[in-house]
Amino acid sequence: MWKKYAGIAVVVVILTVAAASVWVHTDEFTGEDLQRWNKEYQSVVAYGRELWVSAELGNNGVSCAQCHPNGANTHPETYPKFQQQLGKVVALRDMINWCLRNPLEGDPLELDSAEMIAIEAYLMTERKGVAIAPGKH
Amino acid sequence: MKNVLAVAFLILGMLATGPLAAAGDGPPLGLPPVPIPDDNPMTPEKIALGDKLFHDTRFSTTGEVSCATCHEKEKAFTDSPLKTSEGIDKLTGTRNAPTVLNAAYMTSQFWDGRSPSLEDQALHPFTNPVEMGLKNHQPILDIVRSDPEYVAAFEQVFGIEGREATMDEVTKAIAAFERTQVYGNSPFDRYYYLNDTRALTEQQVRGLDIFINQGRCVSCHVIEQTQALFTDNRFHNIGVGINDIQGDIPELAHAFLEADYTLEEVDVQVLGDARTSELGRFAVVRAFNDIGAFKTPTLRNIDLTAPYMHDGSIATLREVVEHYNNGGVTNEGDPVNDFLGGGIRPLDLSEEQIDDLVAFMEALTSDELQPPAGNQEVTQ
Amino acid sequence: MSSRSTISRRRFLKAAGMAAGAGLLPVSSVRLSFADEKKDFTFAYISDAHIQHIRGTKFVRNWDRGLIRAVAETNLMVPEPDFVMFGGDLAQLGTKPELDHGAEMLSKLKHKTYCVMGEHDYYLDLGEHWSKLFGPQYYSFDHKGVHFVVLNSILTFDEWTHERWPSAEQRMLEMAGLDNPNGSPFMVGEKQRDWLKQDLAAVPTTTPVVVFSHSPIQKIYKGWNFWTEDAEEVQALLKPYASATVLYGHVHQIQYNQIGNIAFQSVMATAWPWPYPESYAHAEMDWPVMTVPMNRADPFFERDATGWQTVDLMKGRTGLNYTLYNNTARTVKFCTKTGRPRDVSYQDESARIPPQMHY
């Protein structure tokens, strides 16, 4: 008789432990997690800043920061939008590549490259707090 | 040569069937509605009157030159292959005749934009010494006020006494006719706006990519999300012609700054002297911004309107691309002129890329104007 | 002479009115009556060329073309300018190739040229090569009744200049980045202020004074060194004058302001435009509110929002006519009614156009 109850008890314990494990791992993160993840994000932003001031992104020694100190006048919050220079509605990274090809006389970055996401992260961070305005010229 | 004749016959045939921007059909694929001024609405009778005036050679001193002399229907409304046009007694001017096709979408007329509208533009060739050569417009008025067909037509179209017709009505009719000559619906339009992926060849698709990206064409020869005029209606110095007279610019510029010409005088000056012609828009507005600057023409139907540039100096599309590829000089390594527009720079295109770009531009010919071989929609 | 150019100007403006939006430049100077009419005059002002060396004989083509064009157009001016000012930052990193290449392009100017020191010219060798090419770093001269002063206003603290950096190249790179947090605020410094005091002692307070400076002699935005640390002290030296003007480069944009009796006007760069500090979301700054922003540029056209300017002296006050490419030209001049500089076309809110508002 007790064996049956023991069996049930074991199952219940196992289920409880399993449920408890699932409960702990879904939809829960600590303050420490947030800090750590923010640091990871900031490291990418820092890489973006490094690229922003670098003379090596294009082929003529000009850096993005020369015309856009602190990323000013890049308006990342307005994308996607109709971009006159490309003749169609595009995303921020398309315009980043336009700048690389044109004023910087260089080669475009792969759209999914680490460099591209870093530059976007840097620009967005410099623009933190500004209301999004997609489509704004 | 055979191709040219085939094109000519087809164009003649197509155009003979009537204006394509017929009311109710909507604008051609790839183009917005034609801008029509409030004071010059379109009617079939006005258009027919304009057509007649456009072709009337009596409005010249020799009785041999009409608008159509330099803007021939069969030649896409140009006088291809002439580099610069020939007026009375075969006198030549300094500039290549622009096409009337899609001129209705331009915000100014002439290579230097000295005319604000189609109506105004029509006034000037009549009185230019190397075009129709008339001293003033009176001979034209004498004819339209006495020729019974014209008298009846002006009465019907404008509700005025034939005797009272003025150049205002004459130019309005001509402009109305010109507004019917709008053509979109090219293989590019079908590819880009109808998503017909078979409309362009692989090479032309590569050419389109170059047009937008490495070629840097799209900023002046505008393509947009839902329409493409292929012009920005602005003025740019791209280094054609002016490169050869760089040393003369101070003298020529000073002459204009000090002489203070009226627009009529400018019209005579720029067509009368090749060096003066190179000043471009500067002759009109006297701004440093515009030295050697000429209006961006549309690239629609460009394959039909050789030779190219304001002075007709570039014979083929391939040589045009080479000029841009060299950064605004016809021969690589030539000195760039000091006033070169900020959009022009060497492009580093390969030979293959140049071919691709030319192939793309050939896809800008409207279906209605295509030679028989290939894909076209024949309208009856 | 003056009546002929007045008539020309009227007809020109009429013709120009038909071509609105085509990028006008009133090339004849505006002649208003002055106590002695002969004393109205015009000079040209080119600034911030930033000639940038890549390697060997290769320089950044974009900046080269900007300076070439400004020089060529200055040479076309009718009537001719009395002289030309170069407002500083001829080089990008202050190297000999850059300064020499820039000097060569400037040498094509037909007129006498005075030069102002910029930080990009200075911080590699503290102006040694620049001085060989262009002479003293601060000085004054008189012309047609106006007292002109040229200051080297891009100096900074001694410690930063002489001790902070391991090499001259490093020092130049640190100062070259506009938004570099390692930079150091500009100043005129005590030595020059003492010199200025002495220089002005001989100048009556009724004489118009115009100061050429690279930094703004104001405190606009410290983060981008749109800043002069001893601005108030320099302004104090100019306070006694009935008409005082500061013309400055460095900012690569149209700015103008009035502080007390002093009018401030910036000049454009021939190289590239800079954003207005108010466009940086995190900037804290003191913006000259009367400025109507320059028209927003299309970066496809390399010359857009770059340019040079002619300066008219009328009754000792300045009016700047900005050549702007692919853009409507702008004129900002001192308005005696309001007692401050004013954009002649766009000062009223109702007169603004989208490229000035839609940044």
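Modeller: This is a predicted model. Start with strand β1(C). Six of its six residues are buried, so β1(C) is largely enclosed by the rest of the structure.

Biologist: Which residues of β1(C) are buried on one side, and which on the other?

Modeller: First the general idea. In a regular strand the side chains alternate between the two faces of the sheet. Now the case here. C:F41, C:F43 and C:Y45 are buried on one side of β1(C). C:T42, C:A44 and C:I46 are buried on the other. Both faces of β1(C) are covered.

Biologist: How does β1(C) pair with β14(C), parallel or antiparallel?

Modeller: Antiparallel, over five bridges. C:Y45 has C:Q309 as its bridge partner in β14(C).

Biologist: And how do β1(C) and β4(C) run, parallel or antiparallel?

Modeller: They run parallel, and three bridges join them. Look for C:I46 there. In β4(C), C:F86 stands opposite C:I46.

Biologist: What is the order of the strands in the sheet?

Modeller: Read it as β5-β4-β1-β14-β15-β16-β17 in chain C. That is an open sheet of seven strands, with mixed pairing. From one strand to the next, the twist averages 25 degrees.

Biologist: Which strands stand at the edges?

Modeller: β5 (113-115) and β17 (340-343) of chain C. Each has a single partner strand, so one side of each is left without a neighbour in the sheet. Three bridges join β5(C) to strand β4 (residues 84-86) of chain C, and the two run parallel. C:V84 is found opposite C:T113 of β5(C).

Biologist: Which helix packs on the sheet?

Modeller: Helix α2 (residues 61-74) of chain C. It touches β1 (41-46), β4, β14 (307-314) and β15 (317-324) of chain C. The direction of α2 makes about 165 degrees with that of β1(C).

Biologist: Let us turn to helices. How do I describe two that pack together?

Modeller: Two packed helices are described by the angle between their axes and the distance between the axes. Go to chain B for a case. Helix α10 (residues 202-212) and helix α16 (residues 351-362) of chain B have axes that come within 7 Å. Those axes cross at roughly 100 degrees. That makes α10(B) roughly perpendicular to α16(B).

Biologist: Which residues make the contact?

Modeller: From α10(B), they are B:Q203, B:Q204, B:R206, B:G207, B:L208, B:I210 and B:F211. From α16(B), they are B:Q353, B:D356, B:L357, B:A359 and B:F360. By class, this contact of α10(B) with α16(B) has six nonpolar, four polar and two charged residues.

Biologist: Which residues of α10(B) are buried?

Modeller: Here is the idea to keep in mind. An α-helix has 3.6 residues a turn, so residues three or four places apart point the same way. In α10(B), the buried residues are B:Q204, B:G207, B:L208, B:I210 and B:F211. Seen down the axis of α10(B), they fall within an arc of 165 degrees, so they line one face of the helix. These buried residues of α10(B) pack against α16 of chain B.

Biologist: Now chain A. How many helices and strands does chain A have?

Modeller: Five helices and two strands. Along the sequence, the pattern of chain A is α-α-α-β-β-α-α. Buried residues make up 28% of its 137 residues.

Key:
Residues are numbered from 1 along each chain as its sequence is written. Chains are lettered from A and ligands numbered from 1 in the order in which they are written. This is a predicted model: local features need pLDDT of at least 70, side-chain atom pairs count only at pLDDT 80 or more; totals for chains, interfaces and linings use all residues. Helices (H or I, at least four residues) and strands (E, at least two) are DSSP runs, numbered from the N terminus. A residue is buried if 20 or more other C-beta atoms lie within 10 Å of its own, exposed if 12 or fewer, and partly exposed in between; C-beta atoms are placed from the backbone. Axes are lines fitted to C-alpha atoms, for helices over the stretch in contact, and angles run from 0 to 180 degrees between N-to-C directions. Angles under 35 degrees count as roughly parallel, over 145 as roughly antiparallel, 65 to 115 as roughly perpendicular and the rest as oblique. Two residues are in contact if their C-beta atoms, placed from the backbone, lie within 7 Å. Ala, Val, Leu, Ile, Met, Phe, Trp, Tyr, Cys and Pro count as nonpolar, Asp, Glu, Lys and Arg as charged, and the others, Gly among them, as polar. Two strands pair if DSSP finds at least two bridges between them. The arc is that of the directions from the helix axis to the C-beta atoms.
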